[in-house]
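Morning, everyone. Please have a look at the model on the screen, and then I'll walk you through it.

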Amino acid sequence: MAEVITEETAAEEQSGAAEQENAATEQENAAAERKSGAKKKKSGAGFCMYIGPSITGVIQNGTVYSGSRAAVLKSAAVKIALDKYPSVAELIVDGTELPEALQKVKTAGTELHKKYRAVGKR
């Protein structure tokens, strides 16, 4: 009977060690996920969208551009718009920021709303 208790105790100890190891692995995985998420945010979504008003013959609302925001702002098509309307640059939003920016552009009093209206008045 003493052997049974010893075997049960050993099994419990192994089980406890396995649980601790699993918890440590879960913490490491969560830390790695946070780091990779931060890297994804920095690199952007890989596309941008113009959320300002349409300007006939220059730029249209909802136009999606592939690439980073910096690359889009240097592209020939966008440079034409920027030459005529420099504030258009602030209404070209990276895909990672798009949902929040769309809300802000519709909300009176926000900076994006003010910029939208300023471009629309020209």
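First, the ground rules. This is a predicted model: local features need pLDDT of at least 70, side-chain atom pairs count only at pLDDT 80 or more, and totals for chains, interfaces and linings use all residues. Residues are numbered from 1 along each chain as its sequence is written, and side-chain values use heavy atoms, with hydrogens and water left out.

Start with helix α4, residues 98-106. Helices here are DSSP runs of H or I, at least four residues; strands are runs of E, at least two; both are numbered from the N terminus. Which residues of α4 are buried? They are L98, A101 and V105. Buried means under 20% relative accessible area, exposed over 50%, with a 1.4 Å probe and protein chains only. Down the axis of α4, the buried residues fall within an arc of 60°, so they line one face. That arc is taken from the directions from the helix axis to the C-beta atoms. Why does such spacing work? An α-helix has 3.6 residues a turn, so residues three or four places apart point the same way.

The face turned away carries exposed P99, Q103 and K106. The buried residues pack against β1 (47-50), β3 and α5 (111-121). Contact means heavy atoms within 4.5 Å.

Now strand β3, residues 92-94. D94 sits there. Leaving aside neighbours within four places in sequence, I92 contacts C48, M49, Y50, R69, V72, L73 and V78.
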